[in-house]
Amino acid sequence: MSTRIISKTTDEELVMSIRLDDREALGELYNRYYKKVFNKCFSFTRRQEQAFDLAQEALMKAFENIHSFKGESSFSTWLYTITHRHCLAALKKSSRFQFQPLEENSGTEEEKNDISLTEEENNERAEQELIMYSLINALPEKERDLLNLKYLQGESIENLKTQLNISGSAVKMRLKRSREKLNTLYTLALTYGLDKVLEQVELFTMS
Amino acid sequence: MNSVKKVLLYPFSIDCPYFEGYAWAMELAFRMRASLQLFTTISAAQNLNGSTDCIYLSLLEAHGYFLQHYQHKGIKSNEVKREACIIQGGELKEELILHLKTNPVDIVIIDFSISTGHTEGVKEIVKESCGVILLSEDQPSGDNKHHPSRADHFYDRLRRADLYKLPENFFDTLGNDLSLFNYLRKFIQRKRS
């Protein structure tokens, strides 16, 4: 495929060519997306180094498994889904965002059935979690750490009082303010999109 | 070769063409099962202008070049752990020498593009390193017709490179790779004919 023609080829046509071991097609498709993948990763991490690591891993994951692209969605959707999931998995894995696992045997069988999620609901939940983690990550360090300690690591007010060397009521007040700020950001993210909110997060997080 | 993972370092500057050298360093890291540090410098002013972003994007682009021109069957680039090492400071070679003093690595791979006309600089790097491979000038290999195979191209470049203080087991490690045997076989056949 000549360079002139290849630039007008659709992503999906390029994937078909890649499957036939067309290296030029691979280069073209990669070059179309690597910046977007990096920017997407950066919107989650807000750290260039981490975004670089995640972007290169996500790109590798996608391009080394391009044969598994079935064409059920556009290539860009497929690639961004891989990037999304990779970022989410990395955020969950990082110590800052350790999950508290749900207690086993909690709830009746009926309740368990009620909370069994369809794939669509799972994706939606993953999306919400991703927004929340990205926003927490974008908060000023003190607030971010406080929320993590209280809600992700389950620290008591008593422990926080000692750790932060402030009174119990001050801990509660800080938690309240941080929660309110996070709720506002979350609502804005749902309304205007996460990227836009993260771009201007400093305006919202100025104390 | 002992079981401790080897560390290779590839210094580069985004102001010089470096994709060919990067691709070769990637392939060497894969063959040695080593990790690869990608070293460069950035001035304080550039850092303020957000040039770090450019470096990361350039590295991602370099990897696209590797995938397009060098990744062949059997090489999984995701098995090579890559780490960008961006130092805020002055000149590349000076910072590299300082870096090597405190962060020793197994092999430094120096590209022709950053070594031209600075023999003294290379000598200093060799002095501070456990091993150095100084790559010679190379033409981009986008057209595979000029190369019998990508693996042969890798060994061709190794043959033309200047090697300094490489560990004794360096070639043993690469010798585990069948493509070396294939390269030597073809090389001997060419000599005979």
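Figure 1. B:Lys6 is buried, at a relative accessible area of 11%; buried stands for under 20% relative accessible area, exposed for over 50%, and partly exposed for values in between (1.4 Å probe, protein chains only). The model is predicted: local features need pLDDT of at least 70, side-chain atom pairs count only at pLDDT 80 or more, and totals for chains, interfaces and linings use all residues. Residues are numbered from 1 along each chain as its sequence is written, chains are lettered from A and ligands numbered from 1 in the order in which they are written, and side-chain values use heavy atoms, with hydrogens and water left out. B:Lys6 forms a salt bridge with B:Asp106, with 3.9 Å between the closest N and O atoms. A salt bridge here is a side-chain nitrogen of Lys or Arg within 4 Å of a carboxyl oxygen of Asp or Glu. B:Lys6 is in the segment before β1 (7–11) of chain B and B:Asp106 in the loop between α4 (92–102) and β4 (107–110), so the pair ties together parts that are 100 residues apart in sequence. Helices (H or I, at least four residues) and strands (E, at least two) are DSSP runs, numbered from the N terminus. B:Asp106 is partly exposed, at 22% relative accessibility.

Figure 2. The side chains of B:Arg159 and B:Asp156 form a salt bridge with an N to O distance of 3.2 Å. Both residues belong to helix α7 (residues 150–160) of chain B and are three residues apart, about one turn of the helix. B:Arg159 is partly exposed, with a relative accessible area of 48%, whereas B:Asp156 is buried at 13%.

Figure 3. A search of the whole structure finds eight salt bridges over all chains. In one of them, the side chains of A:Asp11 and A:Arg32 meet at 2.7 Å, N to O. A:Asp11 lies in helix α2 (residues 11–19) and A:Arg32 in helix α3 of chain A, 21 residues apart, so that distant parts of the chain are linked. A:Asp11 is buried at 11% relative accessibility, and A:Arg32 is partly exposed at 22%.

**Figure 4. Surroundings of A:Phe69.** A:Phe69 is in the loop between α4 (48–64) and α5 (75–93) of chain A, and is buried with a relative accessible area of 4%. Neighbours within four places in sequence aside, A:Phe69 is in contact with A:Glu12, A:Val15, A:Arg19, A:Ser74, A:Phe75 and A:Trp78. Contact means heavy atoms within 4.5 Å.

**Figure 5. Nonpolar cores.** A nonpolar core is a set of buried Ala, Val, Leu, Ile, Met, Phe, Trp, Tyr and Cys residues joined through side-chain atoms within 4.5 Å. The largest nonpolar core has 88 residues, and those with the most contacts inside it are A:Phe63, A:Phe75, A:Leu135 and B:Ile133. Helix α3 (residues 23–45) of chain A supplies the largest share of this core, 10 residues. Leaving aside neighbours within four places in sequence, A:Phe63 is in contact with A:Leu26, A:Leu29, A:Tyr30, A:Phe75 and B:Leu67. A second, separate core of 16 residues includes B:Phe39, B:Leu96, B:Leu100 and B:Leu134.

**Figure 6. Interface of chain A and chain B.** In this interface, 19 residues of chain A are in contact with 18 residues of chain B. The buried area is about 1,900 Å², and carbon and sulfur atoms give 59% of it; buried area is the accessible area (1.4 Å probe) that two parts lose on being put together, summed over both. On the chain A side, A:Arg23, A:Phe52 and A:Glu64 lose the most area to chain B, together 34% of what that side buries.

**Figure 7. Cysteine pair in chain A.** The sulfur of A:Cys87 is 3.7 Å from the closest cysteine sulfur, in A:Cys41, too far for a bond. A:Cys87 is buried at 0% relative accessibility. Zero disulfides are found over all chains, a disulfide being a pair of cysteine sulfur atoms within 2.5 Å.
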